[in-house]
Amino acid sequence: MPANKDRILNEFIKLVSFDSESYHERKIADYLIDELGRIGIEAQEDRAYEILSNEAVIEKNSYNAGNIFARTPATGSGKPLLFSAHMDTVKPGNGKRAIVQEDGRITSDGTTVLGADDIGGIVAILEMLRVYKEDSIPHPELEIIFPIAEEPYGQGSRVFDYTQIKARAAFVLDLSGSLGRAAIAAPTIISFTIQIRGKSAHAGFCPEDGIHAIAIASEAISRLKNGWVSEDTTLNIGTIQGGTQRNSVPDYVEITGEIRSLEHDKALDQEKHVKEIFDNVAKKYGGEAAFESTIQIKSYRTSKDSEAVKRFEAACLKIFSKEGELIETYGGSDHNHFAQHEIEGIVVASAMQDVHTTSEYTTIDDLYKVAELAIELGRSTV
Ligand SMILES: [Zn+2]
């Protein structure tokens, strides 16, 4: 395939150099709009940050950007396809630099993430678009979304306007691990906060006058099963804070946690279960448990007969000389939101390892292979 290794590496280094932590994607967004323009594709930017600030999800800042959207007309047969990779990184992501090691690995300097999550995906999509132009490779109509704020449960793609999207098949280049792998299922994620209110009293003089919030919390948690609650559902109590001093009956505890399930209804059942247990235990002690939750993303499962999977299988045979590996993931991505809009897609491994750590790395070969894969995924097949 005619992907250009030097160009891929140089672009990766360039994109890593932009600070683009979630909700601070302005610089990388400007670069991508310009770069798409140089390829001959006009890009648009939406006002996702306005919507998110109106929802009080974020405070507006001067580094905000919107989701970038671009469309390139068909030059060959096939139904429209959507390609996507997110612009933001997790923290610590400011001042990051791509360092090319002698063995071909690319790392940060050890003080930041590298940002291969998800710059590897962006680079592959740009290279695909360039190669299609340069080599006149026929392709169906292509729609490209570079969302903001994927890391905080895909906030950018959640508020994107899908009425403009024609593609019913999507490739989201945003999965860590071995190349040739793709996720066909991902969970519903429900986050929750529980505020337990008891009553304070002197712990030595009159403990009987108090309502012990920590006792409520611990009894409720001990009645729950943390970890796998069934074969496709997890529960995690993640943080707990409460009490003010050693010799007072604690009157307040705050707990945060998360439920994930590949079956949306099972996530809702588990949420109900957690709420009921805290309610019942709080009542038993004469206290109160206020439960607040948010469905951050909804689960999806993509059919193995879908166009995205079929194209992926064929592309893996060609590029990796082996069958693609289809997996279920317990991580979310922008595809969780795409899937709510009649888009059937997969999340494709895209040259990123040890993500969300300062040891994150990729390799020159993997970046090149993902670009080749993208070129194969998006071209006309007949
Ligand atoms: Zn990612």
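Which strand does Leu173 lie in? I will come to the answer in a moment, after a word on the model as a whole.

What we have here is a predicted model. The protein has 382 residues, and its radius of gyration is 24 Å, which agrees with the value near 21 Å that a compact globule would have. Taken along the principal axes, the C-alpha atoms fill a box of roughly 85 × 45 × 40 Å. The secondary structure amounts to 10 helices and 17 strands. Buried residues make up 49% of the 382. If we take contacts between residues at least 6 apart in sequence, 76% of them join residues at least 24 apart.

Back to the opening question. Leu173 lies in strand β7. Is Leu173 buried or exposed? Leu173 counts as buried, because 30 C-beta neighbours fall inside 10 Å, and the cut-off for buried is 20 or more. Leaving out residues up to four places away in sequence, Leu173 touches Ala85, Gly121, Ala124, Ile125, Val348, Ser350, Val370 and Ala374. Ile122 is another residue to look at here: Leu173 and Ile122 are 51 residues apart in sequence, yet 7.8 Å apart in space, C-alpha to C-alpha.

Next, the strands around β7. Strand β7 covers residues 169-175 and pairs with β3 in the parallel sense over four bridges. Strand β3 also pairs with strand β6, residues 142-146, again in the parallel sense and over four bridges. Leu82 takes part in both pairings. Its bridge partner in β6 is Glu143, and its bridge partner in β7 is Ala170.

As a reminder, side chains in a regular strand alternate between the two faces of the sheet. In β3, residues 81-84, Leu81 and Phe83 point one way while Leu82 and Ser84 point the other way. All four of these residues are buried.

In what order do the three strands of the open sheet run? The order is β4-β5-β17, and the pairing is antiparallel. Strands β4 (99-100) and β17 (361-363) stand at the edges with a single partner strand each, so one side of each has no neighbour in the sheet. Helix α10 packs on this sheet and touches β5 and β17, and its direction makes about 70° with that of β17. As for the pairing of β4 with β5, residues 105-107, there are two bridges in the antiparallel sense. Within that pair, Ile99 stands opposite Thr107 in β5.

Helix α10 has a helix partner as well. Two packed helices are described by the angle between their axes and the distance between the axes. For helix α1 (residues 5-16) and helix α10 (residues 364-378), the axes come within 10 Å and cross at roughly 110°. That makes α1 roughly perpendicular to α10. Which residues meet there? From α1 they are Lys5, Ile8, Leu9 and Phe12, and from α10 they are Ile364, Leu367, Tyr368 and Ala371. By class, this contact has seven nonpolar residues, no polar ones and one charged one.

Last, some backbone details to check on the screen. There is a cis peptide bond from Lys91 to Pro92, with omega near -10°. Pro92 has its place in the loop between β3 and β4. A cis peptide bond also joins Asp117 and Asp118, where omega is about 20°. Asp118 is found in helix α4, residues 116-134.

Then there are two alanines with positive phi. Ala56 has phi near 65°, a positive value in a residue other than glycine. Ala56 is found in the loop between α3 (48-54) and β2 (68-72). Ala149 is not a glycine either, and its phi is positive at about 50°. Ala149 is found in the loop between β6 and α5 (155-158).

Is Ala56 buried or exposed? Ala56 is exposed, because 7 other C-beta atoms lie within 10 Å, and the cut-off for exposed is 12 or fewer. Ala149, by contrast, counts as buried, because 29 C-beta neighbours lie inside 10 Å.

That is the tour.

How values were computed
Residues are numbered from 1 along each chain as its sequence is written. This is a predicted model: local features need pLDDT of at least 70, side-chain atom pairs count only at pLDDT 80 or more; totals for chains, interfaces and linings use all residues. The radius of gyration is taken over C-alpha atoms; the globule rule is 2.2 Å times the number of residues to the power 0.38. Two residues are in contact if their C-beta atoms, placed from the backbone, lie within 7 Å. Axes are lines fitted to C-alpha atoms, for helices over the stretch in contact, and angles run from 0 to 180 degrees between N-to-C directions. Angles under 35 degrees count as roughly parallel, over 145 as roughly antiparallel, 65 to 115 as roughly perpendicular and the rest as oblique. Ala, Val, Leu, Ile, Met, Phe, Trp, Tyr, Cys and Pro count as nonpolar, Asp, Glu, Lys and Arg as charged, and the others, Gly among them, as polar. Two strands pair if DSSP finds at least two bridges between them.
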